[in-house]
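Work through the exercises below with the sequence and the coordinates open side by side. Each task is followed by a solution that goes step by step.

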Amino acid sequence: MSSQKRPAGNSFGSLLAKSAKEAKRTAEDRPSSSANNSGNAANTNNPFLSRPTQPEEAIKLFLIQSRSMARRKGGTAAGPTNFEIEARLGTILSPYGQHDMRALSSGPKLVPIKGMNRVVHAFVCNVSGDSAATGGAATTNFEGGITRSNYLKWTNSGLSEVSPLSLAFSCRGPSANRNESESAALRSQLNEVETVETVFAYPDKTRVAFPHHSSTSSASMNNGQQNHLGRGHKERKEKVSTIDIALPAAPYDLRLTLATETPMKDDSVTTIQQLANGWNKKRIKRRRSYSRTDKSFAWRIDVTEVTSTDNIAGASQQNQRQSESVGYEIEMELSTQMTQKLMQTTDDGA
């Protein structure tokens, strides 16, 4: 990609690095005996400390590997690609102990590297589900999503004032010369798009999505009034490659994914009344998407509130509603233009 683009890893800085900086200082201030015990013992007992990495290097390597895999599967410059590359915040869970235990405890780790204990902030835990990535140890699980409090703290300001979200895009502050407000400065630099859609997922990895018209309210959807849904479109989404990066000094870990998203030519689901039975999950996604107006940033950030409902066989509509859960997601997706450019370039600087 062009050298004028910001490094791929920088966009995570505002959301991930604040606690990491403080944690690094804390780790380096520990007594040496404690540091040695913490570093060596942890490295011996926890297999997920065996692959320390730099987040920026891990992201760069993943992009290069994704390009190679996509080309082998037919994603070339010959036409529009149906590959997507995305990054998602969540928690890497350990296969040992409690089912909800994080793979790496909070805080930076002192790990022996070339005979010296060094402070490390990131570790590769899992690559495409291959246990070989952790030296034959059991693989981790990735649980996507963040807490509601962090979701609101990081994203609730939108474009009204400076926030971790706008800082992730390296937005400038208001110009004193033009008597510019924070909101005006942000809106001149960022695009914000709000969308709502209902997605029905099937066990065979196909899904049908119905966009909501702007007049569709959250209350009407929760009450089952779905007359304002637009034309449905059917697609199949399959993961090609993933890498899970543990960030113990940050609030959340990171999953990078290369996936195919293939539209299916099926006009049988133009309305929700034509939806086939057999779906196993319904998700209502209320999303705000952000991107740089000057296109100087290769990634788009999506912040999404998701209401999920499992299709329980034989359950009444009331019980279905009682099984609803609400989650919060922050994802980044490489733009289509930059994904295509990645497929075309031949140098390692992509």
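The model is predicted, so local features need pLDDT of at least 70 and side-chain atom pairs count only at pLDDT 80 or more, while totals for chains, interfaces and linings use all residues. Residues are numbered from 1 along each chain as its sequence is written, and side-chain values use heavy atoms, with hydrogens and water left out.

**Exercise 1.** Determine which residues of helix 3 are buried and what covers them.

*Solution.* Buried means under 20% relative accessible area, exposed over 50%, and partly exposed in between, with a 1.4 Å probe and protein chains only. By this criterion the buried residues of helix 3 are A58, I59, F62, L63, I64, S66, R67 and A70. Next, with contact taken as heavy atoms within 4.5 Å, the cover includes strand 1, strand 2, strand 9, strand 10, strand 13 and helix 9.

**Exercise 2.** Describe how helix 3 and helix 9 are oriented to each other, and identify the residues that make their contact.

*Solution.* The axes, which are lines fitted to C-alpha atoms over the stretch in contact, with angles from 0 to 180 degrees between N-to-C directions, come within 9 Å and cross at roughly 80°. Since 65 to 115 degrees counts as roughly perpendicular, helix 3 and helix 9 are therefore roughly perpendicular to each other. The contact is made by L63, R67, A70 and R71 of helix 3 together with L342, M343 and Q344 of helix 9.

**Exercise 3.** Decide whether K239 and T257 are buried or exposed, and list the contacts of each beyond four places in sequence.

*Solution.* K239, found in strand 9 (residues 233–246), has a relative accessible area of 59% and is therefore exposed. K239 touches R255, T257, L258 and A259. T257, which lies in strand 10 (residues 253–264), is buried, because its relative accessible area is 4%. The contacts of T257 are F62, E84, I85, E86, K239, S241 and T242.

Notes
Helix = DSSP H or I, 4+ residues; strand = E, 2+ residues; numbered from the N terminus. Parallel < 35°, antiparallel > 145°, perpendicular 65-115°, else oblique.
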